[in-house]
Every structure is written in C-alpha cells, then in structure tokens.
Amino acid sequence: MRLRYPHTLLATMSMTTHPFFRSTGTHPFSPHRPHFNLCRPFFTVLCSRPPLSKNSQLPSPLTSNGYSRSSHATVPRPVHLENPDENEKERRFNILKDKLGAVGFDTGICVPGQYNHLLCPMCEGGDSGETSLSLFIALDGGSAAWVCFRGKCGWRGNTQALAGSHSLSTATSQVALVKKKREITEEELQLEPLCSEVLAYFSERLISKETLERNAVKQRKYDDQIVIAFTYRRNGALVSCKYRDINKNFWQEANTEKIFYGLDDIKGQNDIIIVEGEMDKLAMEEAGFLNCVSVPDGAPPAVSSKELPPREKDTKYQYLWNCKDHLMQASRIILATDGDQPGQALAEELARRLGKERCWRVRWPKKRKGDESFKDANEVLMYLGADALKEAVENAELYPIRGLFNFRDYFDEIDAYYHRTLGYEFGVSTGWSNLNEFYNVVPGELTLVTGVPNSGKSEWIDALLCNINEIAGWKFALCSMENKVREHARKLLEKYVKKPFFEARYGEHAERMSLEEYEHGKLWLSDTFFLIRCEDDSLPNIKWVLDLAKAAVLRHGVRGLVIDPYNELDHQRPTNQTETEYVSQMLTLIKRFAQFHGCHVWFVAHPRQLHNWTGGPPNMYDISGSAHFINKCDNGIVIHRNRDPEAGPIDQVQVCVRKVRNKVAGTIGDAFLLYNRVTGEFTPVDKKSKK
C-alpha cells in the first residue's frame with residue numbers, strides 16, 4: 001500500500017510541528033472551521049523507541065541496542081572478557097570492527113555476545129530509516145553474523161577477524177530466531193482508541209468507525225505525538241503491530257512473527273482476497289468483503305528471476321508459510337494488489353507460491369477514458385464508491401498461467417485478422433502472378449523446398465527474396481553454406497540490377513552492370529541481407545543458426561530466414577535417438593522460432609538418391625532423412641527444371657506446390673517459370689504459352 005493523505009488533511013497538518021488535531025468544536029475538515037491548536041503530531045518510532053535518522057548519532061548504548069524507556073526488555077550489559085589474554089582479544093575485536101566498518105556498520109556501539117540492532121548499510125532502513133538489522137558478535141570478538149529483517153531487503157552475511165576464528169556462518173539462522181521469540185501486549189505498546197481527529201481522517205477515505213473498531217485499529221502516543229497502529233492478530237491475540245506516520249512511513253514491532261493483517265477474517269473461507277496494504281483491507285470491508293487480508297511488508301520492486309527458495313529460506317514471504325493452514329483451505333484466491341509495477345510483481349510472487357491455478361486477479365477501473373487506472377482498492381472506494389469496488393472484485397479474471405490461454409486473450413489479434421489490419425493476411429505476393437494462385441508467403445510459416453540437384457532451388461529462392469524485398473521491403477538472414485559469399489553476392493546483384501556481373505560467356509553479349517549500378521547494388525545488399533556463417537571449419541548446428549537468426553530479427557528487423565541446405569548442418573544426436581526423432585525435434589525448433597518471431601523460414605533439403613528416376617519431379621516423401629519434413633512443414637515446394645528439349649524449353653522451371661496448410665494463402669498446384677541465365681531472373685509462363 002502506497003497511499004497519500006488527502007489535501008485537506010495535509011492542509012490541516014501544515015503547521016510547524018505537524019501535530020495531530022485538538023478541535024475547538026467544528027469538524028476539522030469543514031471549509032469554515034476555526035483554527036486548531038495542534039497538540040499530538042505524528043512521529044516515526046521504531047517498535048518501542050523514538051526514531052533515528054539515517055545520519056543521526058546515537059546518544060548512548062541504551063538506544064543503540066534497540067531498546068528504549070518503554071521497551072519490554074532491559075538494557076543488556078557489556079560482556080566482560082575474563083580471559084587473561086585481554087590484549088589479544090581486544091586486538092581481534094578491533095580487527096573485526098574494522099572489517100565491519102568497511103562493510104558499512106556503525107561499530108562504535110557494538111557489544112560482543114549481544115544482538116545489536118543497527119541501521120542496515122544495504123537498504124538504510126528504507127524510507128523510515130528503520131533499524132531493522134540484527135548483528136551478532138561472538139563472545140570472543142572474533143566473528144560476526146547479521147540479518148536485515150526488512151521485507152524488501154533480507155541482506156545477511158558473516159565475517160571473521162582472523163583465519164581460524166570460530167565461524168558464525170550458521171549464525172544468521174540463530175539471529176533469525178530472535179524475532180520469533182517476542183510476545184507483545186496492547187498495554188506494553190501503550191495502544192489506545194482512535195481520537196476523533198484520526199477518525200475524521202479515516203472518514204475522508206470512506207472508512208467508517210465501525211470498520212476501524214472491528215479491525216482493532218489503534219493509535220499510539222509518544223510524548224505529545226501519535227501514530228496510527230494496525231494490530232496484527234491470530235485468534236484474537238496480538239501478534240505484531242504496524243505503525244504509520246504523517247509522512248506515510250511504515251514500520252513494525254521488531255522480532256515479532258510476520259502474519260497477514262486480518263488473518264482471523266479468512267479462517268475457514270473458500271474465497272480469500274489478498275491486498276497490498278491495511279487501508280485496502282479496510283476499504284474491502286466497506287464494500288462488503290470481510291474475507292480479506294493484507295500482506296505485512298508491501299510489494300517488491302520486481303519479480304525475482306530466481307527459483308522459489310525452500311520454505312526455511314523464503315524470508316520475504318514467511319508470512320505465507322506462517323498462515324499456510326488458512327490458505328490451504330481456500331479454493332479461490334483473489335489477488336487485489338496495487339496496479340503499479342511493484343503491485344503486479346507482488347501478485348506474481350504470491351501466485352507462484354499459492355498456485356496460479358487457484359488465483360484470480362483484479363483489474364482496477366480507469367480514471368478517465370484512455371487514462372491510467374486507479375491504483376488500489378482504497379482509491380476506487382474514495383473516488384468511485386463501494387459499488388464500483390465490489391464490481392471490480394466480482395469481475396476478477398483468472399490469473400494467467402504460462403501456456404494456458406482462452407480465445408478471449410486473443411480477441412484483439414483475431415479482430416485485426418478479420419478486418420485485415422495486421423497486414424499480409426493472405427500472404428505476401430511472390431512476384432509471379434501465376435504462382436500467387438498456389439503459394440504466397442505468410443509471416444511465421446515454414447516452407448520446405450526440395451528438388452533433384454541442379455534444379456535451381458537456390459536460384460529460385462534468391463529470386464523470390466528479391467521480389468519480396470521489392471514488393472514488401474522485407475529483410476532476410478541467409479544461412480547458405482553451399483555458396484561462397486562473393487558468388488552469392490554476384491547472383492543477388494544480377495537479379496537486382498538485371499544485368500550480368502561480368503562480361504563473360506554466360507552474359508551473351510549483354511551490357512555489364514556499370515560501376516555506379518554496382519555501388520548502388522552493394523548498398524542494397526548491405527541493407528537487405530544478413531549472413532549467418534561459421535568463421536572456421538566447424539559445422540553449425542540448428543540451435544546455433546536459430547540463435548543468430550533471433551539476433552538478426554531483433555537487431556535488424558529481419559522477416560525471412562533461409563537455411564540452405566539441410567545436409568550442411570551438424571546433425572550429431574544422442575545414440576539413443578533415431579534420425580526420425582531428431583528431424584522431428586529440429587523442425588519443431590524451427591517452427592517455434594518462425595511463429596514466435598513472425599519470421600518466414602525457407603528450409604532446403606535434398607531428396608535421397610533416386611535409383612529409378614525417370615526425369616520427373618521427385619515426391620516430397622523422397623527427402624532424405626524422414627517423412628517428418630513433409631508432415632511438419634506449412635508449405636512444401638518441389639523445384640524441377642526441364643531437361644528434355646522435346647518437353648519444352650530447357651530453361652523452363654516447374655514450381656510444384658505439394659502442400660499448403662493455410663488455405664487462405666494458397667493451394668496445391670503447379671506454376672511454370674522461365675529462367676534467364678544472364679541475370680538469374682525468373683518470369684512467369686502463362687497457361688496459353690504453356691499449351
């Protein structure tokens with residue numbers, strides 16, 4: 001809970017000492033109220049002692065050890081070392097203090113053999129400057145261990161003065177035991193009923209006196225100042241107490257057990273609501289929800305990237321384990337944390353521990369159309385009322401589980417698909433009108449290309465990429481192991497410039513591309529294609545290729561990937577894995593890459609040796625390795641070049657579309673193209689010419 005005081009309250013408290021109110025008869029928030037003499041300001045205290053700023057000097061060992069005049073414990077006396085070798089022990093203790101000082105501890109107040117309560121050098125006690133760290137120094141002064149008990153910190157460690165000193169590496173667990181031993185009472189904490197001025201403050205937040213009394217909200221005085229006290233109870237007994245001051249600083253009684261605020265309200269409940277702060281818990285009650293609890297320590301800044309720790313080490317969320325009996329009975333847990341990033345991180349951490357399958361989450365309503373949402377339950381109650389808060393809880397959504405979805409999660413995408421606002425719903429044109437009838441390029445799909453050797457598979461794919469770049473501006477990653485870089489560049493430039501690279505026999509006396517055209521083509525090459533190549537003589541495996549392709553997608557906006565050919569990859573596999581199983585696993589990786597990154601993949605695979613080949617196009621099931629090639633791909637294409645002059649032009653290429661999974665993008669059929677040996681271009685052959 002991270003709430004602000006209403007402007008009227010701040011205006012009332014804007015006097016020099018920020019005291020609370022002493023009324024002269026008129027409601028303190030009335031626009032015509034008389035001036036108030038303020039007598040009891042908020043004041044930050046830590047547990048049972050006055051506050052210490054982060055830079056303040058401790059006046060005496062009395063407060064440095066975590067106790068004050070109203071503390072439940074007496075001041076510990078320094079331990080007298082009775083060993084005759086006092087000089088050696090003093091030297092060891094001084095060395096230890098130097099090491100602790102280097103870490104950031106104020107060692108001038110530390111006493112061996114005692115638990116010293118200090119300001120944590122790591123978190124500096126948070127906004128309130130809470131002295132939340134417990135430092136234990138061994139009796140001989142040779143070693144020390146520490147733990148910070150702030151929920152957002154949890155820093156712990158240990159050190160030794162000299163090698164061979166008794167290690168306190170396990171002492172952090174001993175330190176942790178201290179906070180569980182303390183029992184508190186209202187009399188000891190000097191808690192008292194809320195005064196009328198504090199009740200008026202809660203009233204502005206629409207929290208009634210009846211709700212405050214039922215939840216045993218109290219106040220506590222320190223000299224002439226007061227703070228709000230939220231009492232944490234189990235079975236009616238006081239377990240801990242959390243305080244809030246005028247500056248919205250929070251702190252809790254030290255060394256008390258961490259439990260939910262309002263724990264008794266969820267006993268035996270099937271539905272439980274968890275909120276981020278005590279004010280939100282009270283707001284939920286105003287909306288009619290008694291089965292609600294608040295976490296005691298607020299929210300973390302972000303979701304932890306680590307695995308869940310075991311119960312005994314899960315210090316930041318120990319309150320969950322302390323209340324597990326109540327939580328285990330619940331079949332539905334509604335997470336109504338704050339709408340900001342820390343609040344969502346808290347929801348995720350809770351769901352990870354409670355089980356996402358029984359968690360729901362609340363979406364807070366928006367303040368205005370298209371504007372940000374309200375932050376928490378109390379804000380919704382204050383500005384929209386109890387009915388709006390009740391509606392938000394009743395409309396809670398199932399907590400998302402990775403890998404488990406509902407169609408409604410995709411309605412925005414489906415709407416865009418229906419209205420054709422995504423782009424390329426029917427695929428990108430190939431650039432050949434007769435082929436578009438059967439095949440179009442859809443982002444996120446896998447096209448398998450095969451054909452007997454020297455059929456022009458690689459040339460056709462290069463021409464296809466050039467067409468798509470001209471039509472849609474796509475960029476491509478090329479993993480073409482059979483091509484030398486310079487020769488591949490020549491082929492692509494000839495298709496782009498539409499002139500031969502050299503004045504050579506294959507050019508058939510055509511004009512060679514000029515130097516200006518060549519330089520312009522180089523810029524096009526650099527902007528359009530990115531090469532995936534091994535820099536040594538090792539063979540790349542499919543994971544290596546896909547990792548680099550992912551980098552090309554994220555860094556350069558690549559939309560297409562060519563892997564040519566399959567047999568140039570490293571296909572080492574475990575001895576207990578068959579080739580069929582390996583191919584299936586490899587194609588699954590490629591398809592997931594394509595779908596996740598919206599990148600079309602062309603994968604070239606050669607057919608196995610054809611013993612009785614008659615000269616016709618091979619079958620997709622003839623691909624060497626496994627039938628999974630045709631089974632798992634989205635599109636299957638056979639490129640076949642005519643070798644019989646009596647059957648037609650020698651440069652005629654037959655594009656056999658043998659599989660199309662997406663009927664919107666194409667269908668099975670054949671298209672014929674003519675190959676220009678001079679420029680490497682392909683032009684469509686219309687049906688009339690074919691006949």
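Visitor: What makes the contact between the side chains of Lys522 and Glu519 a salt bridge?

Guide: The side chains of Lys522 and Glu519 meet at 3.3 Å, N to O, and a salt bridge is defined as a side-chain nitrogen of Lys or Arg within 4 Å of a carboxyl oxygen of Asp or Glu, so the pair qualifies. The model is a predicted one, in which local features need pLDDT of at least 70 and side-chain atom pairs count only at pLDDT 80 or more, while totals for chains, interfaces and linings use all residues. Residues are numbered from 1 along each chain as its sequence is written, and side-chain values use heavy atoms, with hydrogens and water left out.

Visitor: Where do Lys522 and Glu519 lie?

Guide: Both belong to helix α18 (residues 515-528), three residues apart, about one turn of the helix; helices (H or I, at least four residues) and strands (E, at least two) are DSSP runs, numbered from the N terminus.

Visitor: Why is Glu494 called buried, and why does Arg490 count as partly exposed?

Guide: Buried means under 20% relative accessible area, exposed over 50%, and partly exposed in between, with a 1.4 Å probe and protein chains only. Glu494, at 4% relative accessibility, therefore counts as buried, whereas Arg490, at 21%, counts as partly exposed. These two residues also form a salt bridge, their closest N and O atoms being 3.5 Å apart, and they are separated by about one helical turn because they stand four residues apart in helix α17 (residues 485-497).

Visitor: Why does Phe407 count as exposed, and which patch includes Phe407?

Guide: Phe407 has 64% relative accessibility, so it counts as exposed. Together with Phe405, Tyr410, Phe411 and Ile414, Phe407 forms a nonpolar patch on the surface, with about 540 Å² of accessible area together. Patches are made of residues with over 30% relative accessible area and no salt bridge, like charges being joined within 9 Å and nonpolar side chains (Val, Leu, Ile, Met, Phe, Trp, Tyr) within 5 Å; the areas come from the Shrake-Rupley method with a 1.4 Å probe, and for residues only the protein chains shown count as cover.
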